[in-house]
Amino acid sequence: MSTTSKKNRELLPGKIYDMLMSARTADKVTLHFRDGRIVQGALIFNHFKGTGRVINIDQEVSIDFALDEIRDLKF
């Protein structure tokens with residue numbers, strides 16, 4: 001079984017959740033949102049609520065997100 005959907009090449013929600021859990025200790029992550037935004041920065045993820053925040057101190061940007069808004073994740 002593949003970890004990506006063949007139709008639009010998005011990661012499955014369970015795989016994104018696992019990657020977010022692993023990325024909590026990474027220095028920097030790149031989040032690709034379903035609406036096309038791409039944000040890099042430090043990650044804070046609340047696994048109980050399925051929500052988080054990515055903070056880019058260089059650009060002074062902080063974006064809250066829900067698990068279902070994420071299309072892809074790189075770290």
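Colleague: Hi! Which residue in β2 is the bridge partner of leucine 31?
Modeller: Leucine 31 has valine 39 in β2 as its bridge partner. Strands are DSSP runs (E, at least two residues; helices are H or I, at least four), numbered from the N terminus.

Colleague: Before we go on, what am I looking at?
Modeller: This is a predicted model, where local features need pLDDT of at least 70 and side-chain atom pairs count only at pLDDT 80 or more, while totals for chains, interfaces and linings use all residues. Residues are numbered from 1 along each chain as its sequence is written, and side-chain values use heavy atoms, with hydrogens and water left out.

Colleague: OK, back to the strands. How many bridges join β1 to β2?
Modeller: Four, and the strands run antiparallel; β2 covers residues 38-46. Two strands count as paired if DSSP finds at least two bridges between them. Four residues lie between β1 and β2 in their hairpin, and glycine 36 there takes a positive phi near 100°.

Colleague: And which residue in β5 stands opposite histidine 32?
Modeller: That's aspartate 72. β1 and β5 (residues 70-74) are antiparallel too, joined by four bridges.

Colleague: Is β1 mostly covered or uncovered?
Modeller: Mostly covered: five of its five residues, 29-33, are buried. Buried means under 20% relative accessible area, exposed means over 50%, and partly exposed is in between (1.4 Å probe, protein chains only).

Colleague: Which residues sit on each side of it?
Modeller: Val29, Leu31 and Phe33 are on one side, with Thr30 and His32 on the other, and all are buried. In a regular strand, side chains alternate between the two faces of the sheet.

Colleague: What about the faces of β3?
Modeller: β3 (residues 51-56) has a covered face with Gly52, Val54 and Asn56, and an uncovered face with Thr51, Arg53 and Ile55.

Colleague: How many bridges join β2 to β3?
Modeller: Five, in an antiparallel arrangement.

Colleague: Then what does isoleucine 55 pair with in β4?
Modeller: Its bridge partner in β4 is serine 62. β3 and β4 (residues 61-66) pair in the antiparallel sense over six bridges.

Colleague: Changing topic: what pLDDT does the protein chain average?
Modeller: It averages 87, and 88% of the residues score at least 70. pLDDT is the predictor's confidence in each residue, from 0 to 100.

Colleague: Where does pLDDT stay under 50?
Modeller: Over residues 1-7, for which the model has nine contacts beyond four places in sequence. A contact means heavy atoms within 4.5 Å.
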